Amino acid sequence: MVVVSVPAEVTVILLDIEGTTTPIAFVKDILFPYIKENVKEYLQTHWEEEECQEDVNLLRKQAEEDSHLDGAVPIPAASGDGADELQQMIQAVVDNVCWQMSLDRKTIALKQLQGHMWRAAFTAGCMKAEFFEDVVPAVRKWREAGMKVYIYSSGSVEAQKLFFGHSTEGNILELFDGHFDTKIGHKVESESYRKIANSIGCSTNNILFLTDVTLEASAAEEADVHVAVVVRPGNAGLTDDEKTYYSLITSFSELYLPSST
């Protein structure tokens, strides 16, 4: 087994979700299809609720910003109270959501609606989050060794908490000290990692970031964060240069904590 030694100065482990703690297949084959298959019904059911209207307004604002993009789908504002107009508006939101998802966009407006839809699904017991089998035992071990453990994902903090609160391992939210999403900055921007360190109250070189995406690893490194790239089944392949450059792990159990001996 390959062992990657964690630098002694590291006191915080920052985790990505998709392709790191959780199989990409769960996200791509269960989580995201659920949105596309159920968004219309969800909007029709919850349309009159304040939260749903806030989601729609945010998506409309995003659509206005996206108007210059090829294939962008506008969301008209309500002008009356006709049933036909309502259905046209709902369909426009559905089309906009599907368009954004087809481009794998990470807009806050999209993530917010997705988070609310997943909340309904998780709390109703329609789905449970899945993790690689090495994840939960490793996180428990890290915490016992005195490490703080945080999550950084493009999914909203609300969605993250749902994810870890309704899993095949039960509610494991207590294992994490906090959560970050793209409101603090995008994961491919080095400044995001400086902001995270500032929020936690540590130096960037006190953080070890685990991700399967080398663009994110590179951005974290620029901010003087330690990184290891996680190689999991179904993840995108790495170039030979990336395999040589980065510390690679295939399981969280391959991380060696000097402080735990």
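Q: Which residue lies over the face of Y152?
A: This is a predicted model. A charge over a ring is read from the distance to the ring centre, and K187 lies over the face of Y152 at 5.7 Å from that centre. Another case is R232, which lies over the face of F252 at 5.1 Å from the ring centre.

Q: How many aromatic pairs does a search of the whole structure find?
A: The search finds 13 aromatic pairs. In one of them, F131 and F164 have ring centres 5.2 Å apart and planes at 10°; planes under 30 degrees apart count as stacked, so this pair is stacked. F131 belongs to the loop between α4 and α5, and F164 to helix α6, so the pair ties together parts 33 residues apart in sequence.

Q: Is F164 buried or exposed?
A: Buried means under 20% relative accessible area. F164 has 0% and is therefore buried; F131, at 11%, also counts as buried.

Q: What is the arrangement of the rings of F164 and F176?
A: Their centres are 4.6 Å apart and their planes at 55°, so the pair is tilted. F176 is buried as well, with a relative accessible area of 10%. F164 and F176 belong to one aromatic cluster, together with F26, F122, F131 and F163.

Q: At what angle do helices α1 and α4 pack?
A: The angle is about 90°, with the axes 10 Å apart. Angles of 65 to 115 degrees count as roughly perpendicular, so α1 is roughly perpendicular to α4. Among the residues making the contact are L31 and F32 of α1 and W118 and F122 of α4. The contact residues comprise twelve nonpolar, three polar and one charged.

Notes: Residues are numbered from 1 along each chain as its sequence is written. This is a predicted model: local features need pLDDT of at least 70, side-chain atom pairs count only at pLDDT 80 or more; totals for chains, interfaces and linings use all residues. Side-chain values use heavy atoms; hydrogens and water are left out. Axes are lines fitted to C-alpha atoms, for helices over the stretch in contact, and angles run from 0 to 180 degrees between N-to-C directions. Helices (H or I, at least four residues) and strands (E, at least two) are DSSP runs, numbered from the N terminus. Angles under 35 degrees count as roughly parallel, over 145 as roughly antiparallel, 65 to 115 as roughly perpendicular and the rest as oblique. Contact means heavy atoms within 4.5 Å. Ala, Val, Leu, Ile, Met, Phe, Trp, Tyr, Cys and Pro count as nonpolar, Asp, Glu, Lys and Arg as charged, and the others, Gly among them, as polar. Rings of Phe, Tyr and Trp (its six-membered ring) pair if their centres lie within 6.5 Å; planes under 30 degrees apart count as stacked, over 60 as edge-to-face and the rest as tilted. Buried means under 20% relative accessible area, exposed over 50%, partly exposed in between (1.4 Å probe, protein chains only). A charge sits over a ring if NZ of Lys or CZ of Arg is within 6 Å of the ring centre and within 35 degrees of the ring normal.
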